[in-house]
Amino acid sequence: MPEKQLHMEIKGKDVRLFDTTTAAQYLGVSKATVYAWVDNCDLQANSINNGFVFTLEQLEACKQHKNIDRKDMNIEYTK
């Protein structure tokens, strides 16, 4: 399934925008979770028409905030 990404140039910089479905896939959660995180201000969103788009920076900030950037990471605890 092809990813639905929009590319825009803002101040000479290429910015990738993700729709809600692609953002959910990137974060590894459902679309309902993405909407809940937007409602709870855990994920910043840009509103367009009746939907949202997200920048890669916004998705990465959410991953860090929710600690899913450490998902599947093997950490050894030693004393």
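**Close-up views of the predicted model**

**View 1. Asn67 in the segment after H3.** Asn67 sits in the segment that follows helix H3, where helices (H or I, at least four residues) and strands (E, at least two) are DSSP runs numbered from the N terminus. The model is predicted, so that local features need pLDDT of at least 70 and side-chain atom pairs count only at pLDDT 80 or more, whereas totals for chains, interfaces and linings use all residues. Residues are numbered from 1 along each chain as its sequence is written, and side-chain values use heavy atoms, with hydrogens and water left out. Although Asn67 is not a glycine, its phi is positive, at about 60°. With a relative accessible area of 44%, Asn67 is partly exposed, a class that lies between buried (under 20%) and exposed (over 50%), for a 1.4 Å probe and protein chains only.

View 2. Asn49 counts as exposed, at 75% relative accessibility. Most residues other than glycine have a negative phi.

**View 3. The packing of H1 on H2.** Helix H2 (residues 31–39) packs against H1 at an angle of about 95°, and the two axes are 8 Å apart; axes are lines fitted to C-alpha atoms, for helices over the stretch in contact, and angles run from 0 to 180 degrees between N-to-C directions. H1 and H2 are therefore roughly perpendicular, the class for 65 to 115 degrees, while angles under 35 count as roughly parallel, over 145 as roughly antiparallel and the rest as oblique. From H1, Thr20, Thr21, Ala24 and Leu27 make the contact (heavy atoms within 4.5 Å), and from H2, Lys31, Val34, Tyr35 and Trp37. By class, five of these residues are nonpolar, two polar and one charged.

**View 4. The crossing of H1 and H3.** The axes of H1 (residues 20–27) and H3 (residues 56–65) come within 11 Å and cross at roughly 40°, which makes H1 oblique to H3. Ala23, Tyr26 and Leu27 in H1 meet Leu56, Leu59, Glu60 and Lys63 in H3. The residues of this contact comprise five nonpolar, no polar and two charged, where Ala, Val, Leu, Ile, Met, Phe, Trp, Tyr, Cys and Pro count as nonpolar, Asp, Glu, Lys and Arg as charged, and the others, Gly among them, as polar.

**View 5. The buried residues of H1 and the setting of Thr55.** In H1 the buried residues are Thr20, Thr22, Ala23, Ala24 and Leu27, and they pack against strand E2 (13–19), H2, E4 and H3. Thr55, a residue of strand E4 (residues 51–55), is buried, with a relative accessible area of 14%. Leaving aside residues up to four places away in sequence, Thr55 touches Val15, Arg16, Leu17, Phe18 and Asn46.

**View 6. Cys41 and Cys62.** Cys41 is exposed, with a relative accessible area of 66%, whereas Cys62 is buried, at 2%. A search of the whole structure for disulfides, taken as pairs of cysteine sulfur atoms within 2.5 Å, finds zero.
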